[in-house]
Amino acid sequence: MTFNPLEQRGIPLDRQVRNWRELNVTPIDPDHCDPYTRCRIITMNGIEVEAILFSHQFARHCPDLAVKQQLAQVRYIEAQQQKAVNWLLPGVSSVLETTIAYEQVAVDLTAWVARAEPDPYLKQAYQFGVLEDFDHLYRYSNLYEMIEHRKAEKIVDGLTEVMPGRPTPLHHRDPVDNVREPYDKTRTNPLSKLHALTIMAAEQQTMNFYMNVGPTYMEPIARRLYQEIGLVEEEHVTHYESLVDPGETWWEQLVNHEYNECYLYHSFMEQESDPKVKAIWELHLNMELEHLHLACDLMRRHDGRDPAQVLAPELPNVLTFEPNKNYLRELIADQLDLTTLGTGYVREAHERFERMQQAIQGDAPAPSDQVMEDHQAAFGRDYRLQDGDHPVPALRQDWNHWSK
């Protein structure tokens, strides 16, 4: 059934504040939950954090007191939503277990978006980034076995493979080569706007998570790996945020954010297997419908345009968490050797890339390679979770062989 959020009214804003009892959600059971339930929780936390941060930035640039007050009212509800969503994660999971779940999100969310993206240039941006997150999953999984003596298969549940992607040390590029060309807001498919906001928000929360949890570890190798991959996530945020047309007005950006929240809550409500979590998605969708209408009213009054001019007339097909193994294997086989040059992609290392590599790597191994060396020394192999041989013949041996 088609669903047009512009035609739906949600819960009135003055009835959306929840008390402590209502916010005291029951966390999921990490040993028995659907791994994709956890992925949906992590994704929606990132979306809500982006909504809050965007609203704060809008308020800091807005001279109109009445608008600032309305933003503050909606933002408080978004903050409650963020707390309810993120508090669904269980406290018994370690930081590293949550990290592996974050990387499963990055892999399967970005792969699905790449598959669904109608614009070839944007599709390539997602295909490029996902091969790096794929390798992050591999590196963190090896760190997990090394310092917690557990295997990542318990977390990803065989839905996502764990094996080498584009090697993490090669992710460090000159910052200017992380900036992409933006879509044209007047011509792009509305779905492309939702994709760009979604992946930007997901990568932003990963960047924020790593920069804050990394120093909480005592093990030097863990601290170093979080530091390295945290810097890569900053590159990814630059990569994805630059896809958004900077010519969009604040009002246009506001309605895009609210529409995207409706899209994602609707998508996750449609596929959620946990009844308690599904009820939260449904509740939040009904809140977001009202947030969208308030944003649309602001756009009409202050931007002089009908939001229907920039939004899709109905929600696209639901965004779905599902295995993307064959698609990722194809990308690994075809695009593993890509890097960026300006706003494009090349297969050869270039002077700017090599200069950045020398500046950051120096003569010592990158932390992501040191993790593999330490794991190899401890276990005599690297950790993988594969359904078959690696798509790249040179990467079919364990790390000790192919790194030489």
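In this tour, a residue is called buried when its relative accessible area is under 20%, exposed when that area is over 50%, and partly exposed in between (1.4 Å probe, protein chains only). The structure is a predicted model, in which local features need pLDDT of at least 70 and side-chain atom pairs count only at pLDDT 80 or more, while totals for chains, interfaces and linings use all residues. Residues are numbered from 1 along each chain as its sequence is written, and side-chain values use heavy atoms, with hydrogens and water left out.

**Stop 1**

Select Cys-33 to begin. Cys-33 has a relative accessible area of 16% and is therefore buried. A disulfide is a pair of cysteine sulfur atoms within 2.5 Å, and a search of the whole structure finds 0 of them. For Cys-33, the nearest cysteine sulfur belongs to Cys-39 and is 9.0 Å away.

Next, select Cys-296, which is buried at 1% relative accessibility. Its closest cysteine sulfur is that of Cys-262, at 9.0 Å, which is too far for a bond.

**Stop 2: helix α2**

Now select residues 35–60, which form helix α2. Helices (H or I, at least four residues) and strands (E, at least two) are DSSP runs, numbered from the N terminus. At the start of α2, look for a side-chain oxygen of Asp-34, which reaches to within 2.8 Å of the backbone nitrogen of Tyr-36.

The expected span of a helix is 1.5 Å times one less than its number of residues.

**Stop 3: the largest pocket**

Rolling a probe the size of a water molecule over the atoms shows where empty space is left. On a 1 Å grid over the protein atoms alone, a cavity is a set of points where a 1.4 Å probe fits but cannot get out; a pocket is an open set with protein on both sides within 12 Å along at least five of seven lines; and lining residues have an atom within 4 Å of a point. Grid points are joined across faces, edges and corners, and a volume is the space filled by probe spheres set on the points.

The largest pocket holds about 400 Å³ of space. To find its centre, select Glu-50, Phe-54, Met-200, Gln-253 and His-257, the closest to that centre among 21 lining residues. Two or more lining residues come from each of α2, α7 (190–213), α8 (220–241) and α9 (250–271). The lining comprises 9 nonpolar, 7 polar and 5 charged residues. Here Ala, Val, Leu, Ile, Met, Phe, Trp, Tyr, Cys and Pro count as nonpolar, Asp, Glu, Lys and Arg as charged, and the others, Gly among them, as polar.

**Stop 4: the cavities**

The structure has 4 cavities of 30 Å³ or more. For the largest, of about 130 Å³, select Ser-55, Leu-71, Val-74, Leu-254 and Glu-258, which lie nearest its centre among the 16 lining residues. Each of α2, α3 (65–86), α9 and α10 supplies at least two residues of this lining, and α3 gives the most, with 5 residues. By class, the lining of the largest cavity has 8 nonpolar, 4 polar and 4 charged residues.

The second largest cavity contains about 50 Å³ of space. Select its lining: Ile-47, Glu-50, Ala-51, Leu-197, Ala-201, His-257, Asn-260 and Glu-261. Helices α2, α7 and α9 are the elements that give two or more residues to the lining of this second cavity.

**Stop 5: Trp-281**

Move to Trp-281, in helix α10 (residues 275–303). Trp-281 has 0% relative accessibility and is therefore buried. Select His-266 as well: 15 residues separate it from Trp-281 along the chain, and the two C-alpha atoms are 7.3 Å apart.

**Stop 6: Gln-127**

Select Gln-127, in helix α5 (residues 120–148); at 10% relative accessibility, Gln-127 is buried. A polar contact is a pair of N or O atoms within 3.5 Å; within protein, one must be able to donate a hydrogen and the other to accept it, and residues adjacent in sequence count only if both atoms are side-chain atoms. The side chain of Gln-127 makes such contacts with the side chains of Tyr-327, at 2.9 Å, and Gln-335, at 3.1 Å.

**Stop 7: helix α13**

Finish with residues 367–379, helix α13, whose 13 residues should span 18 Å and whose end C-alpha atoms are 18 Å apart, in agreement. Buried residues in α13 include Pro-367, Val-371 and His-375. Just after α13, Gly-380 adopts a positive phi of about 75°.
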